[in-house]
Amino acid sequence: MRICKNEMRMGALSIAVSSALAVMFAAPMSAYAEETWEDEVAIIRHPTNYIEVGAENVSKDSAKFGEYNGLDKKGGKAIANISVRGGDAYEGGDGTMRWSLTGRDLGTTSRELGAAVGNQGRWNLNIGYDELRHNITDTYQTPLQGSMGGNVFTLPANFGTFVAQTAPSARTLDITSPNQLSAFHTEDVGTTRKNTSLGAGIILSPELSLKFDYNHLAQSGAKLMAGAALGGQLPTGGTGTWRAEAVAILMNPTNYNTDTFNLALNWKGEQGHLSGGYFGSFFKDGYDRLSYQNPMLSTGGTAPAGVYQTNTLSTAPDNQLHQLNVSGGYAFSPTTKLVGGISYGRNTQNASFLTGVPELVTTPQSSLNGVVVTKHFDLKLSNQTTRELMLGAALKYNERDNRTVSDTYLYRQLGNATYTGVNTPYSNKKTQLELAADYRLAVGQSLRLAYEREAIRRWCDKVADGYQCVASPASNEGKLGLGYRMKASDSVRFNVGYAYANRKGDFDSAYVANTGNRAHVTAPPTGSTVIVPSATYGNGVLNGGNFLGFAAQPYASRKQDILTAGVNWQASDKLDVDLSGRFSRDKYDSELGVQNGRTSSINLGATYTYNDENSVSAYATMKNSERELKMGATSTAAAGTGNTWAYAGVAATNFWTNQLKENSNTIGLNSKHTGLMGSKLELASDLSYSLDKSRYATQVPYLATCSAVGTLTCGDLPDIKNKVITLRLSGIYALDQASKVSVGYMYQQLKSEDYFYNWYQYGYTGLRGMPTNQTSGSYNVNVVSASYIYSFK
Amino acid sequence: MKQVRQLLLSACVGMLLMSGAAFGADEPATAGDTTVAPAKAPAKDLILKGDAKCTGCHDEADEPVGRATMLELNPGVLAIATTRHGVKGDARTPTCTDCHGESKDHVGFKGKGKEKPPAPDRSFRKITETPAAERNAACLTCHKGDKRTHWEGSQHAANDVACNNCHKVHAEHDAVRDKRTQAEVCFTCHKNERADTHKVSTHPLAAGKMTCSDCHNLHGSAGPKLLKKNTLNETCFTCHAEKRGPFLWEHQPVTEDCSSCHTPHGSNITPLLKSRAPFMCSECHDGAHNSKAPYGPVAAGNQGGFVGTNPTENAGGRACMNCHSLIHGSNHPAGALLHR
């Protein structure tokens with residue numbers, strides 16, 4: 001072109017021709033280019049809005065399949081989704097207003113709807129509604145009458161009494177009373193959460209902003225829980241012994257309302273930032289009790305004292321949390337930063353105690369007046385000492401200080417015996433120190449050395465009778481970790497890490513548990529801290545650490561090794577392959593309790609992205625874990641002095657062990673294809689398979705008959721096995737620029753084997769259990785869907 | 001012949017003008033430049049203020065066939081216009097070079113044909129020479145404080161996770177900020193957690209009713225495991241406030257650590273339990289009653305082979321929790337044993 005330019009010798013004619021050509025060609029081309037260009041940019045600049053309407057059909061009823069997705073019932077559901085956004089901020093000018101309206105799954109109980117408007121850089125406002133029905137079961141049966149979500153349940157007047165039978169086929173139901181069987185009915189049990197939210201923010205200045213959000217969570221429905229009562233007659237029919245373990249499965253109402261507030265003022269400067277805020281959470285329970293008629297008690301019979309016609313359980317008490325939070329950071333230099341925060345919270349609970357129930361004897365106050373003060377402090381200093389070395393040090397402190405008053409409560413326990421209880425308000429505090437150094441050895445290679453120290457203290461303030469309340473008043477743990485990462489080449493990255501942790505837990509044999517009956521406590525002799533066993537009861541006031549050498553798992557001394565490794569191969573821009581693994585081993589020092597544990601996992605994954613929008617990926621995960629438990633069934637204490645109880649400081653006898661082994665395998669394959677049929681068709685697929693197994697095995701070497709079918713206290717339990725297969729296929733076809741048709745298919749299968757449900761089946765409960773016939777919820781469900789999507793800019 | 005030559009010259013000029021019009025987003029002609037008769041229109045910003053330097057590139061005025069503009073090369077990049085980073089009217093909105101650097105080598109690239117220019121100073125591509133810390137520094141210039149207070153030294157920062165490993169800044173749909181798709185982004189690295197969510201007992205992640213960020217602050221936190229709150233229990237109580245208490249009768253591990261019994265991402269044992277009663281309870285209790293007693297297949301009842309008269313309620317079904325059902329705490333004055 002330069003040559004051409006240099007050789008130009010333009011005369012009048014050539015200029016005239018040139019001008020004419022320019023006018024003829026350039027002007028219209030310019031106009032065309034300008035229009036196209038602007039149009040294209042305008043299209044890009046504006047968000048894609050859409051409205052989707054359609055229908056889907058579910059092939060079968062299944063609460064488990066529809067646990068969270070709202071597709072628990074057979075039949076049709078509407079599909080309704082919407083996303084519309086607008087505002088002059090999208091026009092490319094000086095406008096900053098944006099608004100949006102979104103709705104998803106509006107045709108199901110998993111619906112959500114939200115709207116937002118904001119003037120970017122100045123303020124924003126949003127509201128939202130989110131609903132979630134958690135379907136728990138649709139196979140639960142009960143003879144109790146009362147609506148799910150209510151708190152009063154009664155039996156039909158002609159129900160009679162459960163009279164235990166020896167034959168499993170007849171057990172728990174009085175076969176002479178057809179009214180009992182006919183009283184059982186099925187309930188769909190689940191909870192519904194309705195979240196309403198409001199959020200707002202305002203930027204007061206470039207440095208200062210204010211944020212607020214409020215959330216109201218309204219819960220209804222119920223969850224299943226057990227209720228135990230005194231009742232249940234032995235097979236002789238009406239003349240047997242009453243037991244305190246008459247079990248009924250109940251619909252525990254979740255009539256809850258929780259209001260949550262967040263208010264924060266944020267300041268942001270050149271070198272520092274600071275946030276101060278308030279968090280408030282207010283929980284209210286619509287019920288103060290759950291009462292139910294005792295099915296183990298004949299309505300016409302004469303019951304011994306303490307066997308109540310109606311039993312009462314407490315519900316969750318109203319409570320509040322107020323918390324003040326301040327956090328901030330300051331950059332001393334581009335390489336040195338300090339961040340930290342402090343929180344102070346006050347959690348109170350003062351719901352009125354239940355009154356008018358026969359089990360109460362002496363209640364010292366009408367409500368708990370419970371107060372828990374939570375404190376938090378953290379500080380972290382990071383420094384990029386050199387280009388190669390990054391150092392960090394952090395200190396964290398958390399305290400839960402339960403300042404609730406401890407008092408003595410007298411009542412009758414389930415077995416009608418008098419019980420002297422002393423509440424032990426538990427407190428704990430944790431201090432953590434973290435030190436870390438990251439060193440870049442060479443280009444693509446780095447080393448990380450980290451050390452953590454954690455100290456936990458546990459206590460109760462002023463327990464009414466002065467006893468120490470926790471088995472482990474203190475534990476300390478040190479953890480040292482070393483990690484190495486290497487970029488072996490442009491496409492291969494490798495990492496390996498090892499960590500060693502050592503936890504030392506203290507044990508105080510002088511503790512008396514929350515659940516200990518104080519009437520059974522004999523104070524330790526002067527100069528001793530060991531509780532002397534009661535002549536009648538031993539010292540069943542303990543509850544974890546009764547035997548010499550036992551330590552509860554969370555507090556036991558433990559050594560832990562963790563090894564991790566991974567390699568990532570970015571074979572090309574398109575292919576990514578990843579392999580990683582983790583192995584950990586726990587070794588507990590205690591003679592009894594959990595002895596050891598091991599976990600291992602391997603992950604393999606590959607993704608082939610053959611262009612920006614099209615990909616195929618596959619993954620597999622294998623996880624295994626084990627833990628071993630060792631216990632003693634009895635003590636060396638002399639018979640007749642409470643040998644059925646365990647003793648602190650007394651050696652255990654008759655050891656048994658139990659192993660838990662878990663295997664989990666998951667594989668998946670998914671793909672996404674767009675741009676098919678001239679960019680009109682998009683296809684996606686997702687296939688996954690998971691198989692999880694848990695197995696308990698018990699060995700009771702001291703008992704030769706443990707494997708007899710009449711006892712079966714040793715041996716392997718049946719696997720808890722759950723297999724889930726999911727296939728999702730979807731396709732979207734563009735009819736034109738604005739209209740699309742979407743079709744989808746989903747198949748999911750759950751095969752669940754779980755002995756948990758055995759005990760609740762008709763004829764298979766214990767002598768004092770009310771059946772529910774609830775099953776594990778295996779299913780095969782197909783869902784087909786079709787919808788029309790209208791999209792616009 | 002002369003006339004023919006003049007016509008050819010005129011055509012040459014006309015074509016030049018046409019090409020100039022067609023590729024109208026050129027660099028403005030430099031002052032005093034008289035080499036081309038008709039001055040080209042200055043390049044226009046397409047989306048952001050000052051982005052013409054980037055979006056109008058690759059269009060050499062003296063090349064009849066210039067290379068494609070950004071609009072043609074990668075229109076997806078311009079989808080930033082639909083995001084908060086694309087609002088011109090907001091004075092805080094960054095330009096291309098605010099994030100990618102001045103990138104003089106890239107801008108000044110004079111290659112021809114299919115030659116590729118050097119990467120910008122800061123490249124956020126999947127495969128890039130720009131260290132994660134440098135990429136993150138670009139983002140943290142504006143996004144400092146608040147939720148990112150604890151970024152430095154956090155698990156993600158220490159493992160060289162860059163903002164763009166999770167976020168798509170130029171996309172209309174940033175999957176990690178969408179409740180329905182966020183988990184899949186996290187599962188790119190957190191594969192054990194992905195496997196957990198396939199288990200029979202989970203939080204509603206797969207249904208898109210809950211996200212990882214409901215519990216975790218992925219940008220760093222003062223809590224354990226990047227949890228949003230200061231402690232695990234505080235985090236759990238955000239949604240499960242009914243378990244916060246304080247109760248008259250407390251269960252000690254509940255007051256200290258929900259994960260003593262529960263595992264959050266998924267379990268083979270409902271509801272999200274690490275183990276099953278009575279074995280789980282025996283890990284802590286060797287005391288009164290039956291917590292120290294061995295149980296084998298009797299726990300599976302008659303269906304498990306037991307033929308005795310009484311499949312025990314101590315081991316069957318909820319086992320210990322058949323009676324100690326208020327396991328998270330009780331406020332009943334007659335509930336010390338968590339029965340009521």
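Across all chains, a search of the whole structure identifies 37 salt bridges, a salt bridge being a side-chain nitrogen of Lys or Arg within 4 Å of a carboxyl oxygen of Asp or Glu. The structure is a predicted model, in which local features need pLDDT of at least 70 and side-chain atom pairs count only at pLDDT 80 or more, while totals for chains, interfaces and linings use all residues. Side-chain values use heavy atoms, with hydrogens and water left out, residues are numbered from 1 along each chain as its sequence is written, and chains are lettered from A and ligands numbered from 1 in the order in which they are written.

In chain A, the side chains of A:Lys430 and A:Glu454 form a salt bridge with an N to O distance of 3.9 Å. This pair links distant parts of the chain, 24 residues apart, with A:Lys430 in strand E21 (residues 426-442) and A:Glu454 in strand E22 (residues 445-460); strands are DSSP runs (E, at least two residues), numbered from the N terminus. A salt bridge also joins A:Asp288 to A:Arg289 (3.2 Å, N to O).

In chain B, B:Asp90 and B:Arg92 are paired in a salt bridge whose closest N and O atoms are 2.8 Å apart. B:Asp90 counts as buried because its relative accessibility is 6%, whereas B:Arg92, at 49%, is partly exposed; buried denotes under 20% relative accessible area, exposed over 50%, and partly exposed the range in between (1.4 Å probe, protein chains only). Elsewhere, salt bridges that share partners connect A:Asp105, A:Glu112, A:Asp130, B:Lys179, B:Arg180 and B:Lys209 in one network.

Terms used:
Helix = DSSP H or I, 4+ residues; strand = E, 2+ residues; numbered from the N terminus.
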